[in-house]
Amino acid sequence: MKIAVISDIHGNYDALFEVLKKAKEERVEHLLVLGDIVGYYYHPDKVLEALSEWSFDIIKGNHEYILEDLTANPELANPIRLKYGSGHKAAIEKLSDEQLKFLKELPETKVVQFDGVSILMSHGSPWSNDFYIYPDCGKDIITRCDSTEHSFVLVGHSHYAFAINNANSVLINPGSVGQSRQIGGKASWCIIDTNNKCFQLLSTDYKVENLINEIAKKDEDIEYLTKILIRNKGA
């Protein structure tokens with residue numbers, strides 16, 4: 001079975017649309033979603049609708065926790081917007097009570113099995129939802145992610161795509177669909193083939209112009225939201 005691993009969509013429907021279109025072309029049958037549906041950008045409703053058309057497993061990211069904090073304490077609205085944009089506010093406005101409850105009740109980690117291949121899903125790291133793992137971090141961190149129980153250990157959160165062979169398992173970060181911190185206008189993700197345990201890191205082009213126009217209307221004072229979408233583009 002071909003499985004697509006996606007993470008950190010962050011309300012960027014345009015990016016997700018292109019990834020899912022490519023996934024269909026690659027005959028992907030199932031999605032593993034590593035959290036951060038919400039935050040930064042503005043269409044978590046369309047993201048959830050698009051995902052609902054697929055067979056998928058999903059876990060909670062740190063931005064789902066931020067959404068819970070904002071829901072419980074509206075006074076956090078301005079500090080959250082200044083740091084992350086209006087994406088969490090958009091989630092509260094656009095998602096139904098049922099959808100918000102769904103996101104709140106997601107697990108932090110999950111183990112799934114396909115064709116006898118065991119996969120551990122986590123957001124930041126297997127031990128902490130908000131721990132950042134980068135491809136150049138210390139060997140002690142990488143080996144701490146090794147597992148004798150799973151063929152693949154999946155992490156997201158850092159928005160940097162990489163794959164590292166540990167002694168007993170493969171550590172994969174698919175990168176970010178919605179906000180790559182490597183190249184703007186690229187949605188990063190991964191395909192795992194459970195029939196042979198092969199995997200491929202992919203980078204799919206999408207157009208950023210519509211999203212940049214939305215940022216200008218909603219968060220023009222937050223330069224980062226636009227700059228990251230064009231980072232290293234064309235380099």
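Predicted model: local features only at pLDDT ≥ 70, side-chain atom pairs only at ≥ 80, totals over all residues.
Ala161 stands opposite Pro174 in S8. Strands S7 and S8 run antiparallel and are joined by five bridges. Together S7 and S8 make a hairpin, and four residues lie between them.

S8 also pairs with S6. Strand S6 covers residues 152-154 and strand S8 covers residues 170-174; here the pairing is parallel, over three bridges.

Now the whole sheet. The order is S4-S5-S6-S8-S7, five strands in an open sheet with mixed pairing. Which strands stand at the edges? They are strand S4, residues 110-114, and strand S7, residues 161-165; each has a single partner strand, so one side of each is left without a neighbour in the sheet. From one strand to the next, the twist averages 20 degrees.

Next, the other sheet. Five strands, in the order S3-S2-S1-S9-S10, form an open sheet, and the pairing is mixed. Its edge strands are S3, at 56-58, and S10, at 198-205, and each of these pairs on one side only. The twist averages 20 degrees from strand to strand here.

Strand S1, residues 2-6, and strand S9, residues 186-193, are antiparallel partners over four bridges. If you want a position to look at, Ala4 stands opposite Ile191 in S9.

On to the helices. Two packed helices are described by the angle between their axes and the distance between the axes. I have two cases, and H3 takes part in both.

The crossing of H3 and H5 is right-handed.

In the second case, H3 packs with helix H4, residues 77-84. The angle is about 155 degrees and the axes are 10 Å apart. The cut-off for roughly antiparallel is over 145 degrees, so H3 and H4 are roughly antiparallel to each other. What is the hand of the crossing of H3 and H4? It is left-handed.

Last, the empty space. Rolling a probe the size of a water molecule over the atoms shows where empty space is left. The largest pocket holds about 180 Å³ of space.

Which residues line the largest pocket? They are Tyr13, Phe17, Leu20, Lys21, Lys24, Lys46, Glu49, Ala50, Glu53 and Trp54. Two elements give two or more residues each to this lining, helix H1, at 13-25, and helix H2, at 44-51. H1 supplies the largest share, five residues.

By class, the lining of the largest pocket has five nonpolar residues, five charged ones and no polar ones. Lys21 and Glu49 are among the lining residues, and both residue types count as charged. Phe17 and Leu20 are also in the lining, and their types count as nonpolar.

To recap: there is an open sheet in the order S4-S5-S6-S8-S7 and another in the order S3-S2-S1-S9-S10. The largest share of the lining of the largest pocket comes from H1.

Key: Residues numbered from 1 in each chain as written. Heavy atoms only, no water. Pairing = 2+ DSSP bridges. Axes fitted to C-alpha atoms, helices over the stretch in contact; angles between N-to-C directions. 1 Å grid on protein atoms, 1.4 Å probe; cavity = no way out; pocket = protein on both sides within 12 Å on 5 of 7 lines; lining within 4 Å. Points joined across faces, edges and corners; volume = space filled by probe spheres on them. Left-handed = near helix turned anticlockwise from the far one by under 90°. Parallel < 35°, antiparallel > 145°, perpendicular 65-115°, else oblique.
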